[in-house]
Amino acid sequence: MASNKDNMKMDHDMSGMDHSKMDHSKMKMDHDMSQMDHSQTDMGKMDHSNMKMDHGDMDHGDMDMSGDMMMHGGQMMHMGNLKQKFWVSVVLAIPVLLLAPIMGLNVSILNFNAPMFEGIAILLFDSALYFYGGSPFLKGAWAEVKSKEPAMMTLVTLGISVSYFYSIYAFIANNLLATSTHVMDFSFELATLILIMLLGHWIEMNAVMGAGDAVEKMAALLPKTAHLVTDNGETKDVQVSDLQVGQSFQVRAGESIPADGTITNGQSTVNEALVTGESAAVNKNPGDKVIGGATNNNGTLTVQITGTGESGYLSQVMKMVSEAQKSKSKAEGLADLVAKYLFYAALSIGIIAFFAWLPQGFSVGVTRMVTVFVIACPHALGLAVPLVIARSTAIGAQNGLLVRNRQAIEASQHVSHVLLDKTGTLTEGKFTVNAVVPTGDGDEKSLLSNLAALESNSTHPLAQAILSAAEAKGITVKAAENSQNIPGVGISGDIDGQTYTIVNGNYLTKNGISFDNATADQWAAKGNSVSFLLQGKQVLGMVAEGDTIKSGAKALINGLKKRGITPVMLTGDNQKAAEHVAKLLGLDEFHAGLLPNDKQKIVSEYQAKGNHVIMVGDGVNDAPSLAEANIGVAIGAGTDVAIDSADVILVKSEPSDILHFLDLAKITNRKMVQNLWWGAGYNIIAIPLAAGILAFAGLILDPAVGAVVMAMSTVIVAINAMGLTADKIKND
C-alpha cells in the first residue's frame, strides 16, 4: 500500500497568485509568495515528494506489541507485549488444563491420584498465570476503578480474581481442612479465561494499528541546536530549549528554523511545507516572519525570536492536538458499556445470592456468589468485538483503508457531517495549465515556448506546470538569457535577442496596456491564476493555471448526501475560489479564508450543536482538527503528523474511500452488536439462574452447564465474525 506520489498535494489560492509577486532570482527562481496572505491559505497541504511512507511494509499481522496501548472505559492502558504474554501463558496453562477439574465435574483430563501434589502444582501455575498473564487486566481494572468507570478490565479482573482466590480456598478446604464435602475449584476456568482474554486483545491490537505519537513527530521538526548571535555579532551553538524571546539566531542554507521570529538580515526562500502545508518555497526578506520547524533553502538569515517554547507556533499546535486527543479518549466503546452493566449486575446479584443462601451454610452462600461472578465474565465476550474488528480491518486494508482506532467504527453510525479539506481531498492540489490564449493571430505553441523559456530555471509549481505543458506538446525549451526578477512586476529575459516579460493583469491596467479583460476574468472566475506575456508593451497572450477537481470528489459528495450526511468544505483559499469549487461539486456548505487553527474551531462548533463530525485532512496543522473530530481521516499521502492524529487512513488518497469506510463500519457495527448479544446476552438468563432465583422450582444452573453454554457462545461468535465479507461494501 505504498503512498502514491503521483498524487502529491499542494495547496495555493490560485485566483490570488500572479507572476508580479514572484521572485525569479537566478539559478533558484522560486516565486515570491510574500504578497500572498498565508494566514488565509489552506495550510493543510504538504509537499510529499520526500515522504518515505510505504504502508505496504507495515506488517500488522505480526506487530510487536511491546509498549502497546489499548482503550477501555475511556482509559488508555499499557497492555505490555501481548504476543509474548499470550504464548508464555499458554505454556503455564497447559499443566492446569491437564490437571485441574473442569468446573463442577470433579474430573480432570489427567489424574495421578495424588491430590496434594496435583493441588500444589495447580496452585503454583495458577499463581503464575494470575500475576503474569492477568497483569494487563489487573492494571487496567485499577485504572478503571480510579476513574470510577468500571468496564471490560474490571469485569475480567472480577472473573479471574474470584476464580484464583476461590481456588486457593478450595485447595485448603479439600486438602488441609478435610471438609466432609468436596469444594470445587475454578482453576480450569481461570486458565481458559486468561488465555481467551489475552488472545482477544492480541487479535484486536494486531488488527488495529497502535496510535502513533503525533506530538513527538511535531517536536521532531525543530532542530536540537541553534546558532545564537551574541552581543559582539559572533555566533555560538546553544540548545534550542535555551533560546529566549528577543534574542537573535542565524539559520544557514538547508537548516531548520529553530523558533518563530522576524528576519532582521538576509534574504532567502523558506520551505514551510512541513509546518503550514504551503508547498511553494516562500521568499523571505527583512521584516518577514518565519515559523519554527520550516526549512531555510538557500540563503543565510538572521532572525529575532518572537516565540519559543509554549509560545511558538508548533507548540500551540501540539497543545491543541494533545488536548483534543485527551477529550476524544473519554469516549466509551460498546463492549465496555456492556461490560460495565454486566459488572454491576454480577456484583449486585452475587452479593444478594450470598445473603439469600447464607442460612443454608456459609460455603453454600459463597459457592452461589462465586458462580455468579465467574459466569458473568463469559469467554465469548473477550472475542466478540476483537474477532469482528480483526476481520473488518483486514477487509479495510485490502480496500485501501487502515483503521487505527476501533472507536472510529463505532462512532461512524452517528456521523452527521463530513468536513473536507479542499486541496488534496476534493482537488488534485497540483497546478496544470488550463488555457494558453494567444493574442490575435498569435501562435499558441510559440506563446507557450516563450513562457517556458522564461520559467526554465524555476522550481515553483506554477513554473513547473508551464514546463510540463510545453513538454507534453513536444516543445524543446531553451532557457532565456539575462533572466531577472522585476519586483512587483514578474520576470523578464532575452529569447533570441528579444526581451520578454511575464506580468499580471494589475501591471497591465496600471500601465495602461490593453488586454482581453473579459477572457482573463472568465478564467480567473474559475479559480485560475492568469499571467500575461509581454514583448515591449505588446501583449502576446495569456496563460491560465489552476487546480483540478479530483475524479472521485463528485461521487464522494453525492454519496454522502445519499447517506443523509452533510459534506462541508474547509479551505484557506479566498471566497471566490471556494465558491467556484463548491459550485462544481454541488456543495451547499463551505468555509473559506481559514486561519491555521480555524479548522479545529469549526469542528468544535459543529460538535457543540450536537453534530457528530468526520474531519478529513493531511497536513501538520490539520492534526488538531483530526484529533478533535469524532473521527479523523487522514489522506495516505499526508504527513506523518496528520496520520498519527487520525483514526482512519485513506491509503490510496481516494475521496470515495470515505464512503467505503462508512459502509464497512456500518456492517462491522451490526456484527459487533450481534456478537455482543451472543457473548453476553445469555447472562440475562444465566446469572439469575446461577444465583438460584428458580431454586424453589428445583432449577439451579449447574456450573458445568454454564461452562458448556459459554463454549457454545464462543463458537457462535467466531462463526458470525467470519460472516463479514468484502463484497458487502457498496461501490456506489
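Modeller: Helices are DSSP runs of H or I with at least four residues, strands are runs of E with at least two, and both are numbered from the N terminus. On that basis Gly564 falls in the loop between α17 (553–562) and β20 (566–570). Please note that this is a predicted model.

Biologist: Why is Gly564 called exposed?

Modeller: The term exposed requires a relative accessible area over 50%. Gly564 has 59%, so the term applies. The C-alpha atoms of Gly564 and Val415 are 9.3 Å apart, although 149 residues separate the two along the chain.

Biologist: What makes Asp421 buried?

Modeller: Buried means under 20% relative accessible area. The value for Asp421 is 0%, so this residue is buried. Asp421 belongs to strand β13 (residues 417–421).

Biologist: How do you know that the side chains of Asp421 and Lys599 form a polar contact?

Modeller: The limit for a pair of N or O atoms is 3.5 Å. The contact between the side chains of Asp421 and Lys599 is 2.9 Å.

Biologist: Why is the pairing of Glu149 and Lys340 called a salt bridge?

Modeller: The nitrogen must lie within 4 Å of a carboxyl oxygen. For Glu149 and Lys340 the N to O distance is 3.1 Å, and this is one of five salt bridges in the structure. The pair links distant parts of the chain, 191 residues apart: Glu149 sits in the loop between α3 (135–146) and α4 (152–175), and Lys340 in helix α9 (residues 334–357). Glu149 is partly exposed at 31%, whereas Lys340 is buried at 14%.

Biologist: What makes the pair of Lys473 and Glu444 a salt bridge?

Modeller: The cut-off is again 4 Å, and the closest N and O atoms of Lys473 and Glu444 are 3.8 Å apart. Lys473 is in the loop between α14 (461–472) and β15 (481–486) and Glu444 is in helix α13 (residues 444–455), so the pair ties together parts 29 residues apart in sequence.

Biologist: What makes β6 and β11 paired strands?

Modeller: At least two bridges are required. Five bridges join β6 (residues 260–265) to β11 (residues 301–307), and the two run antiparallel. In β11, Gly307 is the bridge partner of Asp260.

Biologist: Why are β4 and β9 called edge strands?

Modeller: The open sheet has six strands in the order β4-β3-β5-β11-β6-β9. β4 (235–239) and β9 (289–290) each have a single partner strand, so one side of each has no neighbour in the sheet.

Conventions:
Residues numbered from 1 in each chain as written. Predicted model: local features only at pLDDT ≥ 70, side-chain atom pairs only at ≥ 80, totals over all residues. Heavy atoms only, no water. Buried < 20%, exposed > 50% of the residue type's maximum accessible area, 1.4 Å probe, protein only. Polar contact = N/O pair within 3.5 Å; in protein donor to acceptor, adjacent residues only side chain to side chain. Salt bridge = Lys/Arg side-chain N within 4 Å of Asp/Glu carboxyl O.
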